[in-house]
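The sequence and structure come first, and the description follows.

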Amino acid sequence: MRHLVGFLSGLILGLVLVLSCGWVWSHLRGLHSLGLDALSGSGPVALAVLAAVGLVVAMAAVPPRLTPLLPFGAALVLGGISAVALVRPAWLDRLPDLPGMAGALVLLPLGAFVPLVIVLTAPVLVGGRWRRWDHDGESVTPDEYFEGLYDDDDEEPRRAAGRGAQAQARVSSSTGGRHAMSRRDE
């Protein structure tokens with residue numbers, strides 16, 4: 001479930017990144033055309049939005065406990081819109097006029113979002129991001145994951161059985177035999 005929610009959130013995040021970068025581009029280009037620097041007029045606000053974009057990208061790509069589909073969903077949106085801008089630019093003219101869309105239409109065909117696509121795709125390739133973690137930073141076994149769902153009367157025997165299964169799994173993994181693994185699965 002966390003992967004589905006992360007993926008859908010990533011799709012929304014991708015659109016927010018495109019629009020916010022386009023908004024920043026429009027404001028900074030307007031300041032440059034007036035001969036002003038980034039610290040005058042609305043420049044500090046644009047720089048703050050750009051810093052927020054960088055922070056959001058870092059927070060989506062770096063934390064190991066976060067589902068990798070959140071940054072991957074954003075990467076799909078950024079890469080897909082960039083590809084559409086190169087292959088079928090007329091399709092982008094049909095998009096609604098949102099704040100930042102004018103600047104995004106300038107940045108998309110230039111490939112400005114390609115580095116973000118690469119950074120946001122990388123967490124999918126890290127195997128540790130696909131596991132569920134407990135509060136101590138260790139991987140949670142299926143027995144431990146469902147442990148809190150049982151009544152108080154059944155809790156202690158199931159916990160003991162879970163510890164026994166973990167000990168048997170350690171023994172079977174250390175021996176490496178096929179027969180030890182088949183006993184664990186029974």
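## Helical fold and nonpolar core

Residues 24 or more positions apart account for 69% of the contacts (heavy atoms within 4.5 Å) in the chain with a separation of 6 or more. The model is predicted: local features need pLDDT of at least 70 and side-chain atom pairs pLDDT 80 or more, whereas totals for chains, interfaces and linings use all residues. Residues are numbered from 1 along each chain as its sequence is written, and side-chain values use heavy atoms, with hydrogens and water left out.

The secondary structure comprises 9 helices and 0 strands, where helices are DSSP runs of H or I with at least four residues and strands are runs of E with at least two, numbered from the N terminus. Of the 186 residues in the chain, 26% are buried, that is, under 20% relative accessible area with a 1.4 Å probe, counting protein chains only. The chain exposes about 11900 Å² by the Shrake-Rupley method with a 1.4 Å probe, and carbon and sulfur atoms supply 66% of this area.

Helix H2 (residues 43–61) packs against helix H6 (residues 114–121) at an angle of about 30°, with the axes 9 Å apart. Axes are lines fitted to C-alpha atoms over the stretch in contact, and angles run from 0 to 180 degrees between N-to-C directions. H2 is therefore roughly parallel to H6, a class that covers angles under 35 degrees. The residues that meet are Val-57, Ala-60 and Ala-61 in H2 and Leu-116, Val-119 and Leu-120 in H6.

The largest nonpolar core has 23 residues; such a core is a set of buried Ala, Val, Leu, Ile, Met, Phe, Trp, Tyr and Cys residues joined through side-chain atoms within 4.5 Å. Touching the most other members are Leu-13, Leu-17, Val-57, Leu-78, Leu-108, Phe-113 and Leu-120. At least two core residues come from each of helix H1 (2–33), H2, helix H3 (69–87), helix H5 (101–110) and H6. H3 gives the most, with 7 residues.

| Residue | Contacts (heavy atoms within 4.5 Å) |
|---|---|
| Val-57 | Leu-17, Leu-116, Val-119, Leu-120 |
| Leu-78 | Gly-14, Leu-17, Val-18, Phe-113, Leu-116, Val-117, Leu-120 |

Val-57 lies in helix H2 and is buried, with a relative accessible area of 8%. Its C-alpha atom is separated by 9.3 Å from that of Ala-74, 17 residues apart along the chain.

Note on methods:
Angles under 35 degrees count as roughly parallel, over 145 as roughly antiparallel, 65 to 115 as roughly perpendicular and the rest as oblique. Buried means under 20% relative accessible area, exposed over 50%, partly exposed in between (1.4 Å probe, protein chains only). Lists of a residue's contacts leave out its neighbours within four places in sequence.
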